[in-house]
Amino acid sequence: MPSTLHLIEQLEQHHDDQEALRPHITHTPSSTHSTGRAAVAMSSKKHVLSLYRRSLKLALDWSVHRYLWRGQAVYLRNLFEANRNVTEPRQQRALITETENLLEKWKHPDPYRPPTAPGGSKYERNLPVPILDPPPKWMNP
């Protein structure tokens, strides 16, 4: 089982490699394609937010303690923020595909599930109903 630090180092190395290969384009969208790009941007924004949440949950699966996870969450946020201004749809699709592949690759074999959630150890466990009525008072002779 890879450690979380090892996974972060792999992600950092992969991000550095991709940054070196990515052409730095300063392209402004034309007004004729603005509506089509806006629709693509909205759908990809939702998809990226979904990927960000999945990556946070995946990091939480690999973390032993919450305070260790917090540093990883900040690092993941920085990785997503670094690519925030990518406007080229091909680059966006490539980044989204790459992130999905990384999430699938690093999927935890036994992810954390809250005990009362579906798949948790206490899901649909029938606990006895607590008795809330006070005990009956015995008659004193």
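Guide: Helices (runs of H or I of at least four residues) and strands (runs of E of at least two) are DSSP runs, numbered from the N terminus, and His108 is placed in the segment after α4. The model is predicted, so local features need pLDDT of at least 70 and side-chain atom pairs count only at pLDDT 80 or more, while totals for chains, interfaces and linings use all residues. Residues are numbered from 1 along each chain as its sequence is written, and side-chain values use heavy atoms, with hydrogens and water left out.

Visitor: Why does His108 count as buried?

Guide: Buried means under 20% relative accessible area, exposed means over 50%, and partly exposed lies in between (1.4 Å probe, protein chains only); His108 has 13% relative accessibility, and therefore counts as buried.

Visitor: What makes the approach of His108 to Asp110 a polar contact?

Guide: A polar contact is a pair of N or O atoms within 3.5 Å, where within protein one must be able to donate a hydrogen and the other to accept it, and residues adjacent in sequence count only if both atoms are side-chain atoms. A polar atom of the His108 side chain lies 2.9 Å from the backbone nitrogen of Asp110. The side chain of Gln92, a residue in helix α4 (residues 89-105), likewise reaches the backbone oxygen of Val86 at 2.8 Å.

Visitor: Why are Tyr52 and Phe80 called an aromatic pair, and why edge-to-face?

Guide: Rings of Phe, Tyr and Trp (its six-membered ring) pair if their centres lie within 6.5 Å, and planes under 30 degrees apart count as stacked, over 60 as edge-to-face and the rest as tilted. The centres of Tyr52 and Phe80 are 5.2 Å apart with 70 degrees between the planes, so the pair is edge-to-face. Tyr52 lies in helix α2 (residues 34-62) and Phe80 in helix α3 (residues 66-82), so the pair ties together parts that are 28 residues apart in sequence.

Visitor: How do you know that Arg77 and Glu81 form a salt bridge?

Guide: A salt bridge is a side-chain nitrogen of Lys or Arg within 4 Å of a carboxyl oxygen of Asp or Glu, and the closest N and O atoms of Arg77 and Glu81 are 3.1 Å apart. These two residues are 4 apart in helix α3, which means that about one helical turn separates them.

Visitor: What makes Arg77, Glu81 and Arg84 one network?

Guide: Glu81 also forms a salt bridge with Arg84, the closest N and O atoms being 3.1 Å apart. Salt bridges that share partners therefore join Arg77, Glu81 and Arg84 into one network.
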